Amino acid sequence: MSSTTTDTASSVDVVLIGGGVMSATLGTFLRQLQPDWSISVFERLGSVAEESSNAWNNAGTGHSALCELNYTPQGADGTVDITKAVGVNEQFQISRQFWSYLVEKQIIASAKNFLTPVPHMSFVWGDNNVAFLRKRYEALAQHPLFSGMEYTEDTAQITQWAPLIMRDRPAGQKLALTRSLKGTDVNFGALTRLLFTYLASTSGCTLHTQHEVSDITRNGTDGWKLKIRDLRQNTQREVKARFVFIGSGGGALSLLQKTGIPEARGIGGFPVSGQFLRCTNPDLIAQHHAKIYGKASVGAPPMSVPHLDTRMIDGNPALLFGPYAGFSTRFLKQGSLMDLPMSVRADNIGPMLAVARDNWALTKYLIEQVMQSQNDRIKALQDFIPNAQAKDWELVVAGQRVQIIKKDAAKGGVLQFGTEVIASQDGSVAALLGASPGASTAAPIMLTVLEKCFPDKMPQWTEKLRQIIPSFGQKLARNPDLCEEIFDKTTQVLGLKQ
């Protein structure tokens with residue numbers, strides 16, 4: 001979706017920077033909560049959802065911790081910690097409620113345009129890994145958010161659930177697999193376009209593509225002044241806003257630094273690029289219908305958990321395997337090679353050097369990944385599809401992810417995996433930094449933005465927020481009856497019956 005709007009408003013209530021799912025979600029929330037506010041959206045590229053929200057640039061898993069083993073680490077004593085998995089799943093239920101509200105209010109016509117039921121599976125081999133998966137299953141299966149999960153070590157059962165991964169597999173391997181039929185595939189690009197189509201149709205909201213925000217400075221005590229360049233016309237103008245959200249993915253760090261807010265000091269970024277093998281054989285694609293996650297390699301970052309991934313993109317099934325990590329100094333897929341060096345400041349060089357010193361395992365992993373040949377990649381794929389052949393797969397480059405580097409009193413600096421909202425003390429500007437689980441938890445993340453930036457508005461917004469998110473203010477993990485009620489309703493509204 002592109003926009004050729006000629007609106008030249010010099011002052012608005014809200015500016016959203018970046019045409020991805022985060023800005024689209026926050027804009028939609030604000031439209032429900034404060035319909036009288038004016039909103040302007042600025043996207044550097046020619047259409048929205050072209051970076052991390054693009055369907056080909058993310059896994060589209062609808063991260064709910066049903067299959068991602070990195071959310072359930074095993075301690076030295078052998079116990080499996082499900083705390084993070086419960087938190088991620090709880091967040092995804094908020095996204096489901098938000099999407100259900102959109103369908104019920106006819107803000108979007110049907111969830112089928114972006115959401116597809118796809119089983120989520122975890123697959124391991126070897127005695128130790130099988131023992132881990134069994135303990136993980138035992139820890140999760142009784143939890144209300146993970147009800148219905150199934151576990152098997154029976155090869156015949158695995159073959160029935162996931163035939164492609166069992167074909168020509170060597171006999172005698174110790175295998176285990178869990179399956180949840182509650183899983184989904186999410187086309188975040190399609191969802192983003194639907195939300196921006198809605199926003200652009202409302203009074204007081206304008207969308208500007210091919211517009212780049214080059215600077216953000218304080219406008220006295222009344223918000224911010226933004227310098228914005230129209231890349232089509234090569235002209236520049238200034239826009240004032242009472243509130244600014246920086247949701248431009250990897251591009252958010254540099255803009256956050258330009259605000260000069262104290263909260264941005266000491267923050268750096270570490271870019272990691274992703275690559276996938278994409279299946280080109282329609283017969284193979286038709287033989288697999290699941291998202292199957294395995295265990296990450298030693299030293300691999302959390303978002304590099306290998307997975308064999310059924311996707312539904314614009315109505316067509318696809319099959320991906322990866323990711324294979326890479327390194328680029330770009331912070332965006334369509335960014336500049338100078339992004340990383342230009343992000344280094346006096347206040348963050350210490351934490352960045354400390355992270356470089358303390359993360360040799362990650363550095364070694366990235367070097368090994370960059371040096372891989374196509375044969376090496378196919379060998380990794382053959383752990384999942386034993387008879388995989390190079391002729392059926394092509395290498396595609398996915399999106400850039402920028403992990404957060406922050407000051408740490410003990411270590412000097414730490415590398416964080418996940419997402420974080422950085423907001424000014426007065427709540428007039430906020431930025432989203434980080435990566436996975438990212439888009440899957442856009443709705444709860446934007447609730448965090450609302451709570452951080454508009455605490456004075458929350459009392460009057462609460463009733464509406466409970467209409468949008470019926471579980472708002474409660475934890476489904478602690479309320480099995482409410483959990484079941486909301487899950488059943490969202491399943492029906494979103495058309496997710498398997």
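This is a predicted model: local features need pLDDT of at least 70, side-chain atom pairs count only at pLDDT 80 or more; totals for chains, interfaces and linings use all residues.
Residues are numbered from 1 along each chain as its sequence is written. Local features need pLDDT of at least 70 and side-chain atom pairs pLDDT 80 or more, while totals for chains, interfaces and linings use all residues, and side-chain values use heavy atoms, without hydrogens and water.

Colleague: How many helices and strands does the protein have?
Modeller: Helices (H or I, at least four residues) and strands (E, at least two) are DSSP runs, numbered from the N terminus. On that basis the protein has 15 helices and 19 strands.

Colleague: Why is the protein as compact as a globular protein of that length?
Modeller: The globule rule is 2.2 Å times the number of residues to the power 0.38, and the radius of gyration is taken over C-alpha atoms. For 498 residues the rule gives 23 Å, so the protein is as compact as a globular protein of that length, its radius of gyration being close to that at 22 Å.

Colleague: Is Phe 92 buried or exposed?
Modeller: Buried means under 20% relative accessible area, exposed over 50%, and partly exposed in between (1.4 Å probe, protein chains only). Phe 92 has 2% relative accessibility, so Phe 92 counts as buried.

Colleague: Which kind of aromatic pair do Phe 92 and Trp 99 form?
Modeller: Rings of Phe, Tyr and Trp (its six-membered ring) pair if their centres lie within 6.5 Å; planes under 30 degrees apart count as stacked, over 60 as edge-to-face and the rest as tilted. The count comes to 13 aromatic pairs. For Phe 92 and Trp 99 the centres are 5.8 Å apart and the planes 80° apart, making the pair edge-to-face.
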